[in-house]
Each structure stands twice: as C-alpha cells, then as structure tokens.
Amino acid sequence: MSATSSTIVNLPDQRTATLPKKNYINAEDGMLSWLLTGDHKRIAILYLISITFFFFLGGIFAGLIRLELLTPQPDLVASDTYNKLFSMHGIIMVFLFLVPSVPATIGNFLIPIMIGAKDLAFPKINLLSWYLYMAGGLFTLAALVLGGVDTGWTFTTPLSTHYLNTHVVTAGLGVFIIGFSSIFTGLNFIVTIHRMRAPGMTWFRLPLFVWSNYAASILMVLGTPVLAITLVLVVLERTIHIGVFDPTLGGDPLLFQHLFWFYSHPAVYIMILPGMGVISEVISTFSRKRVFGYSAVAFSSVAIALFGFFVWAHHMFIMGVSNYSALVFSLLTMLVAVPSAIKTFNWAFTMQKGSITFETPMMYAFGFLGLFTIGGMTGVFLGALGMDIHLTETYFIVAHFHFVMVGGMLMAFLAGVHFWWPKMTGRMYPEALSKLAAVTTFIGFNLTFLPQFILGYLGMPRRYHSYPPEFQVLNVLSTAGATVLGIGYMLPLIYLAWSLKYGAIAGNNPWQATGLEWQIQSPPLTENFLETPVIDYEAYDYEWLAHKTEHEVTTVG
Amino acid sequence: MSSEHHDPANITNPEHADHHIVGPKTYAIIFVTLLTFTGITVAAAFVDLGILNPIIALAIASTKAVIVILFFMHVFYQSKLIKLTVASGFFTFLVLITMTLSDYMSRAWGLW
Amino acid sequence: MDNAIAVAHDTHAEEHHHVALPQHRHHFETEQQQREAGTFGMWLFLLTEIMFFGGLFFAYLLYRNWYNPAFVAASNQLSIPLGTVNTGVLISSGFFMALGVWAAEVRKKGLLVIFLILTTLSGLVFLGVKYFEYKEKWEKHHIPGANFDISEFVNPPINPKTHKPIEQPLAPDMAQKTQVFFSLYFAMTGMHALHMIIGIVLLGWLTWRAQKGEFSSGYVAPIENFGLYWHFVDIVWIFLFPLLYLINRHPGS
C-alpha cells in the first residue's frame, strides 16, 4: 500500500524496475507482424492510432466551424463550404471516432483478458474489422479531398439524393464500409463473451465493462445493417434513380428517415454504453469499493440496448410522423432514460462511504458524471413533444448531444485510456500534466457548450453559419471555450507519447485494482495468461484483494 | 467439477448440444414438404380470397422459412443460445416493420 | 454438465475423441468450443443479413400498399412458370447443401463433393433463369428510368378469347408507379442474386478444398457454416417469390 493517503498509485521501485522481457509489443518485430497480426492487443493499438488521427481531423473541422461562428456574418467560408465543414465533422466524429472509440481500442485490448481468454473468438475477423475501418476511412478522406459532402452526417433525402452534386456516393460508401467494421467487432465480442469465459467466470462475476460492451455489441450487430441498406438505397437513388425516396417518382423521403434513425438512435447507445462501462471500472477502483447494485447496472446495460431500439422516431417529431406515432415514441423515450439514470445513481452510491482519490481517470469520471447527467436530462426535455417542437434543429440539440457525446463519451474514453494506459504500455503518464489536461478539458467543454443551450433556447438554428447579431456574445464564449478544449485534448497526445519512452514503469497493478487484467504483467504477454485462470471470487472484491499478497495475486500470469 | 463452475445465470445451455447428425431421410421429407408448399402457394394465388390472399401467401412463406431454419439449418437440434439468437433476429426485424408501419398506418386510417 | 465453461476433461474421453484437428486454433480449449463459436458467429452474421434485407422488405411493404393497382399489374408481368421453377431449383439446392453437410459429418468425401457440385449447379441454373427474366424486362422496356414504357399498363392487350383486357387499365400516373415496383424488384432480386453469386464463388472454393479431403476427417465447420449462409439466401427467395410474383393472379378481379 502507498504511504500517502491522497493517491492509491503503487509503483514498483523505479531504480530497479524494468518492463517485462517478453510482452506482446516485442514478441515479434517488423511492420508486417503488426499489419498481419491476430493478437487482439496489437489490433487495439492499430485502432488507437487510427482513431486518434481521425479525431484530430474531425477536431480541425470543429475549429473551423467555431471560427466562422465568431462573427454573425458569413465571412470566413462560403455557405456550401460551411455545410461541408459540419458534415465532415459529424461523419468523422460519429463513424470514425465515437462508434469505434472504446470498443475497438480498450474493448479489443481488454475483453479477452477480463474474461480470462487468450484472444477474441475470431482473430482474423478482428483484423478484417480494422482493415474495413481503414478502407472506410480512406473513402471518407477521398470524399473530403474530392470536395467534401454537405448533406450533414444524416444524409437527409431528397437533398442527398437529388439536390446536391457533392460526393455523397463516396461518403456513403465509406460509412457503409465502416459499418461492417463495427458489425464484425460486435459479432466478435458477443461470441467471445458467451463462449470463452474462463472456468468460474460466471456472467455475474464479469466486470461491468464487459456487460456494457456486450450490450453495445448487440446494438452493433442488429442496428448497423439497417444503416447499410439505407446507404445502399441512397447510392442507388443517386446513381440509377430508382426513386425509392423521391416524391416525384412516388417515393417517400420519410422512409429514409425511418430507416436511417432506426440505426442512428441505437448508434448513440453503441457510442455511450462502452463509455459507461469504463466509468463503472474507474469509479469502483478510485473509491476502493465494489460497484453498488452490480445486477442493476448489468441489467440496465442490456435494458438500454433493448429499449434503444424502440425510440428512433424521436428524431423525427417535426418531420411529418403521425401524432399517434409521436406520442408512442415520446413515451418510450422517457422510458429509455430510466436505465441510464439507474446507472448514474449506482455510480453515486458506489462512491458513498468509499475511499475516494482523485487520480486522472477519476477526474475524467467525475466530469462524465456531471456532464452526462446534464446531457441526459436535456435529452428527456427533448423527448417531450411540446419542448421538442421549439428546441429541435436549434443549438439546444447541438448542446445536448455534445454534452452526452463529448462531455460524456469522450471523457469516458479519456478516463479509460488513462486508466489502462499503464496496462497497455507498461508506463505511467505524468500525473500533474494529465490532471491539468483533465481540468482544462472540463473548463473548455463547459465554456463551449453551456452557451449553446442558451442559444438554442433563444432560437438560434443549427447548421447555419450566420446568425442575428444579438447571439454573438454567446457564440464568442463558445468559440473561446473550443480553443481551451482543443488545448485540453492536445495535451494528452503530447504527454502520452512522451510517457512511452520516459514514463515511470507501472508494474502489474499501479492502481491496486481488482480484475484479471491487473493480475498479469504490464504490457501483457501475447497469450495474456501463462495458464488459464480459475475464478472463485466476485467482481470488485476489494476485501479479497486486500488479503492477498503481491505474489499470490500475480501468479495468474 | 462442473458444480464448482455452475452458473445459474447461464440460461442458454450451449454445452454439448450440437451432436445430433441429421440424416438424408429427414432432409428428404423437408424437401418434399417445401416443394408441396410452393405448389400450394402458387395455386392459392389464382383463387380470389380477398384480404386472405396476402395473409395466406405470407403464412405459407413463413412456414417454409421456419422448416428450413429448424431442419436444414439444424436449429431444432441446437442449443438454447442459438435458438434465442435466431429469435432475437426476427424480433428486431419485426420491431422495424411494425413500429414503422404503425406510423404510416396512423397517418392514413382506413386506407390500409 | 451444463453451464461449465469448456475445458477438456477426461470424463468425456469415451464420448468424444479429443483428437486435436490440424485446424484447431490455439485460443480455443476444445474442438467443440471452436465449432460452436463458429456456428454462433455465423448466425450473428445472418442476423445482420435479416436486418439488411429487412429495410428493403419494409420499403416494398409500404409502396405495395400505396400503389397497389400498379404493383398488381407490374407483378403480373413476371412469369409464374419461371419463378416457380426457380423456387424449386433453390429449394433443391438447399436440399443438396444439407445433404452435403451430412456427408461431411459422416466423412464421405465423394458424396460431399457431389452434393457441393449439385448445389453449385442449382445456383447457376437459378442465376441463368434470372438473367433470362431480366433480359425480358430489358426488351419490354420495363427497366425503370428514361426508357420505361408504360403503354402496356395504360392500354393492356386484349385477351382474344374473352375480348377483355388481360389487366385492369391504369391511369397514367398510377401506371408510372409500376416503376416503383420494378425498382424494388430489381433491387431485391439483384441484392439476392449478388448474395447467390458470392455464395457460388465460395462454393467453388469449398468444393476444391473438399476434393482435397479437408472436410472429411472431422472438420466440418466451414461446410456447416456455409450451409447456414446458403439456406438463409434460400429463405430470402422463399419470401421474395410470393411477394413479387404472386400479388394478385385471380382472373377478372
């Protein structure tokens, strides 16, 4: 145990500590050994590098958007260009960053280890998943370089099918391919979690991170194909004019909306559920306490996945759906908020009477709790029909989804990266800098997006690059916040890279956390465990951990 | 040894369910049944049964599909996990169809 | 023994021979676990296919209801004999595929190869008939687009025996909606045919491997799982046939 009580970090003696001689990073050498790997950990690192690239690309577009919105006049870019900016920002951030963020990086790395397996069920499909991601990313980059797409990330018809001559087909095909990357990741996770748990690793002994990814994987497998067929139909409509969404040929644009949102609503749960899984792990570790109401959190993950399929038309309230439909979907939307709320209460009760310390992952987790709650609650406001009529397509919506996706999901992703960074790399990042980055991100985020709630409430429409001058102050605040936020995101890029060479050696379990991943070396061996672990204890069993010696805990591998 | 690792939450019982080898006789019966149903559905299309025509056509097609799934695809002999998986696929499909349909129907009472 | 995570035990030695097949992957403990994981994985992929085709089926459902007279008239342009034959051919291919799985399970290499070839041939016959049907649509100018010809729907030919039009004539705007039917016809059968083509290519590869004996020594998973895919494509056609060909064939109504 560490001598000071303000941190639980317990590192080996840095004078003598070294990285383990054999680990998955040095197991094989050469570019090809990485590009043709079947090792889930290496694939996770490949993904981490790729999504970081796309995150910063999407961030550049965000910067340009906020720059334009500094002034009420449309003076930085032309209207069409502005449309392209927010479209590319959305497409890249949703499909190339948020959807794969936790599952493809942290999930790929950890799920086999957390359940006591040597790898995922289908390693080759896992690698294929990454190549599909890269191919889809390339198509998206191609669309960008060729001139961009300006339909919004939502590809609304008949705008996308008939009234634009931008690169809708290229972008649509790119998203189609990325969709299959997502499907294969989810498929792999489901089979792995069902069939490859170690002896004694019963469903209710699994870490909650595994439950969350399992629920997200169900959504990936069942929801994404509907997006795939929708995009195929858009491409067919643009190229050979089949008329399925074209009113002049007898088609219905609302059909597109139904099919598109049937995926895109579960997509937001695909994005947030793995993040919630991270938060369960982080809050438990840094409160030194088992997660309050384990079964409730586990079941609510699955409930979010199930109910998430029943609410998609709340994105369509003003598009011409029937009153009856709107009522039903509004009611169901209220219901889907309940499991998320259950989780939030459980996290709070986990912390109660726990022994809380404020390492960086915990700081991000705290940020998540507050910001996700605000984002989630504003979602409930939007689910109410009367409010939605006024708030939809305004900056209120923009603020709402950025609170849940950036204040929620991205913070959870950063919490996870920091939490498992020592496990993945064997090195610790510099704590002071990381705390600074966390605080900077939190301040920058609030400054960027809180004004947007007010802007939306006051009536500023979204996707407009000019606005009435009375909105300028709030927009300037928002852009200022975006600058701070950008700095907050660049800092981890720098110090995490720095830590790869100069960071402190982490040892097996710097956080003194429970979980199979903390009982093996950092970085892990290629085959994860020297012998198959047998589990005879519950998840988050800190008492069990306290009574074990260092040696007993690490003989697993 | 199994009692040590008994997991009451694992309701899908995937262990050792997949050993039954389905033989040619079973397949032949299914084959003939499928062809018969095909004939019936073609014949039924020529008879005016009003609103029942599409219902019968879909019912026959669904029956054929179920037989193919249960016997050609072995699901009858497989674990609960596989059965639940198949069911969940069709459930989600039905959610897509019915909930979207409910929007269209409620905008056009009497026309459906 | 239920609910135990698969680990090799001696108590089972009499029941199954735990001989390590050359295709055994190191991250699985037993053959059984690997085979079950493979089947489960294939079924999850088929779920994605259900949802993929589901979008098309919904579009069809919607427009068949909105433009019912056009759909009836357009559907009657399709040939029932050809459609029925094709349905029979696909059902036969499913039968042959199932027999192929059986042959692999009882380790009869020759029979397996024969059944795989029969499955492939049936698939090719199906595609041949479809090509013929598509060609006929091209010749009659029933491909949606600039060259689409609605004259047959506005002025249906007269039946020489009854001196009545063989179809209800449609008003021009409803006659235009027959294009919606044909768009969906080509989209749905085209997507189905694409899946068949992929299947036939895979069948070619599997037949070659089967001929080399890869699937007649206990390793049946690829044949089994391909069979699942093939049967699924068959099921899609089982629904497409009545929905597209048999909307309303009653004379005089």
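Two residues are in contact if their C-beta atoms, placed from the backbone, lie within 7 Å. The legends below describe a predicted model.

**Figure 1. Contacts and fold of chain A.** Of the contacts in chain A between residues at least 6 apart in sequence, 85% join residues at least 24 apart. Chain A contains 17 helices and 0 strands. Its radius of gyration is 23 Å, close to the 24 Å that the globule rule gives for 557 residues, so chain A is as compact as a globular protein of that length. The C-alpha trace of chain A spans about 70 × 45 × 45 Å along its principal axes. Of the 557 residues in chain A, 59% are buried.

**Figure 2. The side of chain C that touches chain A.** Here 32 residues of chain A are in contact with 28 residues of chain C. Helix H1 (31-66) and helix H7 (178-211) of chain C each supply at least two residues of this side. H1(C) gives the most, with 16 residues. Sorted by class, this side of chain C has 16 nonpolar, 10 polar and 2 charged residues.

**Figure 3. Helices H2 and H7 of chain C.** Two packed helices are described by the angle between their axes and the distance between the axes. The axes of helix H2 (residues 68-75) of chain C and H7(C) cross at roughly 60 degrees and come within 8 Å. That angle makes H2(C) oblique to H7(C). The crossing of H2(C) past H7(C) is right-handed.

**Figure 4. Residues where H2(C) meets H7(C).** From H2(C), Ala70(C), Phe71(C), Ala73(C), Ala74(C) and Ser75(C) meet Thr178(C), Val180(C), Phe181(C) and Phe182(C) in H7(C). The residues of this contact comprise 7 nonpolar, 2 polar and no charged.

Conventions
Residues numbered from 1 in each chain as written. Chains lettered and ligands numbered in written order. Predicted model: local features only at pLDDT ≥ 70, side-chain atom pairs only at ≥ 80, totals over all residues. Helix = DSSP H or I, 4+ residues; strand = E, 2+ residues; numbered from the N terminus. Rg over C-alpha atoms; globule rule 2.2 N^0.38 Å. Buried ≥ 20, exposed ≤ 12 C-beta atoms within 10 Å, placed from the backbone. Nonpolar A, V, L, I, M, F, W, Y, C, P; charged D, E, K, R; others polar. Axes fitted to C-alpha atoms, helices over the stretch in contact; angles between N-to-C directions. Parallel < 35°, antiparallel > 145°, perpendicular 65-115°, else oblique. Left-handed = near helix turned anticlockwise from the far one by under 90°.
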